[in-house]
Amino acid sequence: MIVTDHRLVVVGLPFNERRFRELPVEDEVLWEVPRSDVQRVERQDFKSGEDFRIVFTDGSWCRLHSRWREFPMRHLADRPDIEPSDSLSPALREAVETFAADRGPDALPPLVVRNACG
């Protein structure tokens, strides 16, 4: 699953057990939906405790399982508030700029998010 600020994309990753370290990843888009169509995401603690349900704005839903449920949940259900750089303290703004400067020229600017604890 790939989550962006605009879309939710489900991909399939073919797996070749013998050559998985040699082959490039060639994922296939299986399904995608605009993020605006996602109404909410709910943790579903069934037997494995790693399922979640995505409810869409039209009332439909799907239940998914992920071995690493917290990764998609962090970006779907636990949507953090993105902080604009001008709202940061001078010290924090400097730390973010230093972090960004250490990345390559192709790197996207960092997103600063507010944790649930503030």
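The model is predicted, so to speak of local features a pLDDT of at least 70 is needed and side-chain atom pairs count only at pLDDT 80 or more, while totals for chains, interfaces and linings use all residues. Residues are numbered from 1 along each chain as its sequence is written, and side-chain values use heavy atoms, with hydrogens and water left out.

**Elements and sheet**

Let us start with the overall layout. The protein has two helices and eight strands, where helices (H or I, at least four residues) and strands (E, at least two) are DSSP runs numbered from the N terminus. Read from the N terminus, the order is β-β-β-β-β-β-α-β-α-β.

Three of the strands make an open, antiparallel sheet in the order β1-β2-β3; strands pair if DSSP finds at least two bridges between them. At the edges are β1 (2-3) and β3, each pairing on one side only. Strand β2 (residues 7-12) meets β3 over six bridges in the antiparallel sense, and Val 9 stands opposite Glu 32 in β3.

**Rings**

How many aromatic pairs does a search of the whole structure find? There is one, formed by Trp 31 and Phe 56, with 5.7 Å centre to centre and 80° between the planes, which is edge-to-face. Rings of Phe, Tyr and Trp (its six-membered ring) pair if their centres lie within 6.5 Å; planes under 30 degrees apart are stacked, over 60 edge-to-face and the rest tilted. The pair links distant parts of the chain, 25 residues apart: Trp 31 belongs to strand β3 (residues 28-34) and Phe 56 to strand β5 (residues 51-56).

Another ring, that of Trp 61, has the charged end of Arg 53 over it, 5.0 Å from its centre. For this, NZ of Lys or CZ of Arg must be within 6 Å of the ring centre and within 35 degrees of the ring normal.

**Buried or exposed**

Buried means under 20% relative accessible area, exposed over 50%, and partly exposed in between (1.4 Å probe, protein chains only). Of the 118 residues, 20% count as buried.

| Residue | Relative accessibility | Class |
|---|---|---|
| Trp 31 | 35% | partly exposed |
| Phe 56 | 9% | buried |
| Leu 111 | 64% | exposed |

Leu 111 lies in the loop between α2 (90-101) and β8 (113-114).
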